[in-house]
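Me: I have a structure here that I have not looked at before. Can you walk me through it?

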Amino acid sequence: MKKILATTAALAMAASAGMAEVKVGLITTLSGGGAGLGIDVRDGFMLAINQSGRTDVEVVIEDDQRKPDIAVQLSDKMIQSEKVDVLTGIIWSNLAMAVVPAAVNQDVIYLSPNAGPSALAGKGCHKNYYNVAWQNDNLHEAAGAYANSAGYKNSFILAPNYPAGKDALTGYKRFFEGELAGELYTKLGQTDYAAELAQIRASGADSVFFFLPGGMGISFLKQYADSGIDLPVVGPAFSFDQGILQAVGGAALGVVNTSQWNKDIDNPTNAAFVESFQAEYGRLPSLYASQGFDTANLLLSALETASPDDGDAFRAALSAANFNSTRGDFSFGPNNHPVQTIYAREVIKEGDVFTNKIIGVALENHSDAYAAECKM
């Protein structure tokens with residue numbers, strides 16, 4: 001595996017002082033299926049680090065290849081050999097479940113910019129684990145709430161068979177008040193959905209909810225559009241995010257999806273983030289990029305008042321969340337997961353670019369369903 005020591009300033013300090021004062025290990029998916037998600041998290045994270053101008057933060061970046069065994073190997077190396085103070089970056093919940101429990105029990109802080117499995121939000125919570133994105137169920141709960149407001153009574157729901165997929169359908173069902181025309185778990189990484197589409201067509205459903213992130217969502221939406229099925233689709237942002245929409249194209253137009261972030265959230269931090277990300281990387285930021293950016297700024301805000309060497313003080317600084325988030329108001333609940341507003345967005349076309357616009361609030365100041373089980 002090739003190691004990338006990120007930021008010129010951090011490298012300069014590492015060379016002159018022998019080591020950086022704060023060392024961050026960023027393990028994410030940079031190759032294969034789902035690489036776009038990890039690239040966006042990395043780019044958002046590094047944009048914030050570079051904008052901060054700090055010379056005492058070194059970021060070591062590694063590619064987990066979306067493989068749990070590789071992620072565990074990289075985590076062990078970063079903790080034992082690299083001596084990182086903080087870990088971050090993992091996209092996929094099955095990788096998070098393989099890495100996070102062991103890492104936090106070695107007194108390493110883990111800041112999640114994406115994966116938020118329920119097992120780490122409830123009884124498996126830990127004082128060293130902070131989620132800066134969501135608990136996995138949250139956007140799906142918001143989709144269920146939106147489906148109620150849209151008058152849907154009989155949804156067909158599907159998601160991949162892994163922890164985030166199970167959390168997705170659990171979340172939708174928790175808030176959806178209608179009946180289910182069908183419920184399916186698909187194979188993680190699946191690209192052919194002919195059998196599932198046949199079941200949807202025969203189900204008598206009045207709507208479809210799906211969670212299929214990355215390339216899975218691209219494949220499903222294109223095949224859905226070609227199938228002739230004429231049912232409204234509701235989903236979380238993961239299948240309708242900026243990095244995916246151009247590949248999906250017109251098949252996504254008009255679809256309502258749920259997200260805690262969008263490029264048109266009206267606050268100065270978000271406006272500056274969207275502009276600077278586009279200037280730096282030549283593309284619009286995605287949800288994942290915003291989460292990477294917020295995760296880095298949370299870390300930087302904590303470093304303003306405490307060092308990771310002072311565990312209690314550093315955790316208190318993280319818990320305070322004293323930073324300006326791209327999504328506006330941001331705070332942690334008692335299990336170190338966000339309390340935040342989740343929006344309904346509609347896929348539109350601006351010129352030649354497919355993107356999203358906010359059309360309303362799905363859930364306001366929403367926390368997760370597992371916090372009461374957390375006994376930190």
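Me: Which residues do ring pairs link into a cluster?
Reply: This is a predicted model. In it, ring pairs join W92, W134, Y162, F211 and F238 into a cluster.

Me: How many aromatic pairs does the structure hold?
Reply: There are 18 aromatic pairs. One of them is W134 with F238, an edge-to-face pair with 4.7 Å from centre to centre and 75° between the planes.

Me: Where do W134 and F238 lie?
Reply: W134 is in the loop between β6 (129-131) and α5 (138-149), and F238 is in the loop between β10 (233-236) and α9 (242-248). The two are 104 residues apart in sequence, so the pair ties together separate parts of the chain.

Me: Are W134 and F238 buried or exposed?
Reply: Both W134 and F238 are buried.

Me: What about F210 and F220, why is that pair called tilted?
Reply: The ring centres of F210 and F220 are 4.7 Å apart and the planes meet at 50°, so the pair counts as tilted. F210 belongs to strand β9 (residues 207-210) and F220 to helix α8 (residues 215-227), 10 residues apart. Both F210 and F220 are buried as well.

Me: Back to W92. What sits over its ring?
Reply: The charged end of R66 does, 4.7 Å from the centre of the W92 ring.

Me: What classes of residue make up the lining of the largest cavity?
Reply: The lining has 11 nonpolar and 4 polar residues, with no charged ones.

Me: And why does the largest cavity lie between domain 1 and domain 2?
Reply: Domain 1 (2-136 + 266-339) and domain 2 (138-264 + 342-372) both give residues to the lining, so the largest cavity lies between them.

Me: What volume does the second largest cavity have?
Reply: About 40 Å³. Residues lining the second largest cavity include D241, Q242, W261, R345 and N356. By class, its lining divides into 3 nonpolar, 4 polar and 3 charged residues.

Me: Where does the largest pocket lie?
Reply: Domain 1 and domain 2 both give residues to its lining, so the largest pocket lies between them.

Me: Last one, Q73. Where is it?
Reply: Q73 is in helix α3 (residues 68-82). Its relative accessibility is 48%, so Q73 counts as partly exposed.

Me: How far is the C-alpha atom of Q73 from that of T295?
Reply: The C-alpha atoms of Q73 and T295 are separated by 23 Å, and the two residues are 222 residues apart along the chain.

Methods
Residues numbered from 1 in each chain as written. Predicted model: local features only at pLDDT ≥ 70, side-chain atom pairs only at ≥ 80, totals over all residues. Heavy atoms only, no water. Nonpolar A, V, L, I, M, F, W, Y, C, P; charged D, E, K, R; others polar. Domains from an automatic or database assignment. 1 Å grid on protein atoms, 1.4 Å probe; cavity = no way out; pocket = protein on both sides within 12 Å on 5 of 7 lines; lining within 4 Å. Points joined across faces, edges and corners; volume = space filled by probe spheres on them. Phe/Tyr/Trp six-rings, centres within 6.5 Å; stacked < 30°, edge-to-face > 60°. Helix = DSSP H or I, 4+ residues; strand = E, 2+ residues; numbered from the N terminus. Buried < 20%, exposed > 50% of the residue type's maximum accessible area, 1.4 Å probe, protein only. Lys NZ or Arg CZ within 6 Å of the ring centre and 35° of its normal.
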